[in-house]
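Here are my notes from a sitting with this model, in the order I looked things up.

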Amino acid sequence: MEKVNDCKNALSSGSCQSSSNEKRRGTDRRTNNRARLKYLVFNGRRVCSRRDEDRRKAFIFDRYNQKLFLAITTILILSILDAVLTLVVIQRGATELNPVMAYFLEHGMPTFIVAKYTLTSIGVFVLLIFKNVFLTKIKIYTHSLFPCVIFVFSVVIAWELFLIYGEP
């Protein structure tokens, strides 16, 4: 009984060593932050970091909120719409200014659309992994970039629609 009281007193000061009565075993489960397939398939468990020290780290969570899902879906749909409208504008005599996309355009329309979607998906995935990271140079969290990406795609699509329908 004396050992338990000593440990309780030491816990308040932070100097208590783990005793044999503890139910912990093996390594700390928090050291592995990879998503497990069973959690991804069966609705998952982790929605956010619970500890303050983990809030600004990159984690792959099992579940994300609906607003984030809607933002990602919107970005991917706008990306495909941008690719299709770019092809229409190019058929009317314009040229692709982006050298990476111009390379894929030389290999055909399906390659161009697949490359556009794939590159956008990779970018969205990277933003998703690092959504809790604070960007110190521009002083915002990475998850704040999702609306910015939607805005930029919307402006590009508006410009393409103006090029298609605005001039005869």
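Which residues form a nonpolar patch on the surface? I started there, keeping in mind that this is a predicted model. I found V100, L119, I122, V126 and F130, which together have about 420 Å² of accessible area. Helix α5 gives the most to this patch, with three residues. I placed F130 in the loop between α5 and β1 (134–135).

Next I followed α5 to its partner. Helix α5 spans residues 109–129, helix α6 spans residues 145–165, and I noted their axes 11 Å apart. The two pack at an angle of about 155 degrees. Angles over 145 count as roughly antiparallel, so that is how I logged α5 and α6.

I then listed who makes the contact. From α5 I wrote down K116, T120, V124, L127 and L128, and from α6 L145, F146, V149 and F153. Sorted by class, the contact has seven nonpolar residues, one polar and one charged.

K116 made me look again. What does K116 form with D82? I got a salt bridge, with the closest N and O atoms 2.6 Å apart. The structure holds one salt bridge. This pair links distant parts of the chain, with K116 in helix α5 and D82 in helix α3 (residues 66–91), 34 residues apart.

Key. Residues are numbered from 1 along each chain as its sequence is written. This is a predicted model: local features need pLDDT of at least 70, side-chain atom pairs count only at pLDDT 80 or more; totals for chains, interfaces and linings use all residues. Side-chain values use heavy atoms; hydrogens and water are left out. Axes are lines fitted to C-alpha atoms, for helices over the stretch in contact, and angles run from 0 to 180 degrees between N-to-C directions. Helices (H or I, at least four residues) and strands (E, at least two) are DSSP runs, numbered from the N terminus. Angles under 35 degrees count as roughly parallel, over 145 as roughly antiparallel, 65 to 115 as roughly perpendicular and the rest as oblique. Contact means heavy atoms within 4.5 Å. Ala, Val, Leu, Ile, Met, Phe, Trp, Tyr, Cys and Pro count as nonpolar, Asp, Glu, Lys and Arg as charged, and the others, Gly among them, as polar. Patches are made of residues with over 30% relative accessible area and no salt bridge: like charges are joined within 9 Å, nonpolar side chains (Val, Leu, Ile, Met, Phe, Trp, Tyr) within 5 Å. Accessible areas come from the Shrake-Rupley method with a 1.4 Å probe; for residues, only the protein chains shown count as cover. A salt bridge is a side-chain nitrogen of Lys or Arg within 4 Å of a carboxyl oxygen of Asp or Glu.
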